[in-house]
Amino acid sequence: MFWHLRSVLRPLPKCRVPYRQFTFTRPGRLPAAEPNAQQAPWNISIPSFRQQLGRLRDVPSFGDKVKRPAIGGQIIFFVAGSVLTFAVAANVTNIETYMWSIRLIESAPAWKDRPPTNDEMRRARYYALGKQLQQRLALMKDAVEEWPQAFKAMLIWTYIQFAQPVLDTSEVRRWCWGIGVVNGIIYLAWQFPRLQPLMQRRFIHNPLSGLSGTMFTSLLSHRSILHLAVDSMALAAFGSAASQYFFEQQGRDPDNLREATPRWHFLAFCTSAGLFSILVSHIAYARLTYPRLVSRLKSTAGSSTASASSSFTPPRGRIASFFSKHTKEVPIALGASGVVYAAFTVVTLAYPDTDLAFKIPPTFPIPISFALCALLAFDFAGVIYGWRVFNHWAHLGGAAFGALYYEYGPEIWELFRELMLDDLPPSLCNLDEDEGDEDLFQ
């Protein structure tokens, strides 16, 4: 035990530290100062960092560096989208009108001497749809012939309950129902967390994003079930009435081209009205709201500079914190409220003596002119006082588009139809009876 303790306490071997030589330069060998060098007087202080930056260059202010959101791309997108939509709609309307004219002329001798009118072609389309629904019902009965009687009766009853309202309603209202279904599918996409980044980028129009395609996709997007229900019901109500006015205007002038269906005209109207309403909201933010935010940020930065000696906040942090506090002031475009306002305005100007009443919730009838004026007054107040619950600029833009379209829309639609005739025969025109049937197929 003692031997083991001595072996543990045995001193360690000495380590050799490598020897390194250090050099030393005498002060006499350093380069001496030039005798003619100019030395600064001792009583002049060193300039501050801010003074040195000012001598180098003029630093632009934050307000000079920040650019307003662009509006040129959005204007071009609205004009190009509207022209393309109206051109395609006019072309399809011409083709369908020609096909139905030939179909009716070949089906009965009553149209050998004159072309069918707009009302006659619309009634023919109604009868064709009823016949098609009856054929589907017959096919369904044959397919479920082997089923139990209870299930077969329930299936047939369900089909009749669905097909009868489709047949009884107008063609444009059926299209509005289809648009509501598309809006509902997009609303369901909002409920999936994985799709949230995509929906935020592509189905909401933010004026600060610089995108133009979202002006169209945001028309079909709704994040609230209440917003979706109100827009869908209002579009079906006012859209069908506005299309009825378009259809009447098309047949009132004998020089206009005949029209078998107003659905394509209504689709072009909805697309252009929605793009215009969002464009108005975009321009209002880029030229009115955004400059006010920048000026408020400049004042905030000026007040923070005065207290920079006590606490310093980087400029990037001040900008981020300021815009995070004022994010709600950015008008996010979402939904088809602008289209509803445009159709509502057209209906009010076309039928000013109409009374308006809601079924859900039930209300008393009120004059439609009073209802429109009340809504516009509410939106004007929202613009003046800066309310941010609704996009008031988009509502006012939709109403303005509806008023302009009521005045000039039918003539613009007729112009597009004449431009898109191409090689179609003049049978689309309202020919007189004495012109004979030799011009129908030219």
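In the predicted model, Thr-348 makes contact with Ile-368, Ser-369 and Leu-372, neighbours within four places in sequence being left aside. Thr-348 belongs to helix H13 and is classed as buried because its relative accessibility is 6%. Gly-402 lies 54 residues from Thr-348 along the chain, and the C-alpha atoms of these two residues are separated by 9.7 Å. Helix H13, which spans residues 337–350, has the highest mean pLDDT among the elements of the protein, at 95, whereas helix H1 (residues 2–8) has the lowest, at 46.

For the protein as a whole, the mean pLDDT is 80, with 74% of residues reaching 70 or more. Two segments fall under 50. Residues 1–9 form one of them, and the model shows zero contacts beyond four places in sequence for this segment. Residues 308–320 likewise stay under 50 in pLDDT, with six contacts beyond four places in sequence. Where pLDDT is low, the predicted coordinates should not be read in detail.

The secondary structure consists of 15 helices and two strands. Among contacts with a separation of 6 or more, 74% join residues 24 or more positions apart.

Aromatic pairs number 19 in the structure. One of these is formed by Phe-269 and Phe-401, a tilted pair with 5.9 Å between centres and 40° between planes. This pair connects distant parts of the chain, since Phe-269 lies in helix H11 (residues 263–306) and Phe-401 in helix H15, 132 residues apart. Phe-269 and Phe-401 are both buried. Both also belong to a cluster linked by ring pairs, whose other members include Phe-78, Phe-86, Tyr-245, Tyr-405 and Trp-413.

The rings of Tyr-385 and Trp-387 are stacked, with centres 6.0 Å apart and planes at 20°. Tyr-385 is exposed, with a relative accessible area of 62%, while Trp-387 is partly exposed at 40%. Trp-387 is located in the loop between helix H14 (368–385) and helix H15 (392–419). Together with Phe-378, Ile-384, Val-389 and Phe-390, Tyr-385 and Trp-387 make a nonpolar surface patch of about 730 Å².

Seven salt bridges are present in the structure. Arg-125 and Glu-96 form one of them, with their closest N and O atoms 3.6 Å apart. This bridge links helix H5 (residues 118–143), which holds Arg-125, to helix H4 (residues 72–107), which holds Glu-96, across 29 residues of the chain. Arg-125 and Glu-96 are both buried. Another salt bridge joins Glu-171 and Arg-263 at 3.5 Å between the closest N and O atoms. Glu-171 is in helix H7 (residues 171–190) and Arg-263 in helix H11, so the pair links parts of the chain that are 92 residues apart. Glu-171 is buried at 15% relative accessibility, as is Arg-263 at 17%. Glu-96, Arg-125, Glu-171 and Arg-263 are linked in a network of salt bridges.

Arg-122 is partly exposed at 33% relative accessibility, and Asp-119 is partly exposed at 39%.

Notes
Residues numbered from 1 in each chain as written. Predicted model: local features only at pLDDT ≥ 70, side-chain atom pairs only at ≥ 80, totals over all residues. Heavy atoms only, no water. Helix = DSSP H or I, 4+ residues; strand = E, 2+ residues; numbered from the N terminus. Contact = heavy atoms within 4.5 Å. pLDDT = per-residue confidence, 0-100. Patch = residues over 30% accessible without salt bridge, like charges linked within 9 Å, V, L, I, M, F, W, Y side chains within 5 Å. Areas by Shrake-Rupley, 256 points an atom, 1.4 Å probe, with all protein chains shown as cover. Salt bridge = Lys/Arg side-chain N within 4 Å of Asp/Glu carboxyl O. Buried < 20%, exposed > 50% of the residue type's maximum accessible area, 1.4 Å probe, protein only. Phe/Tyr/Trp six-rings, centres within 6.5 Å; stacked < 30°, edge-to-face > 60°.
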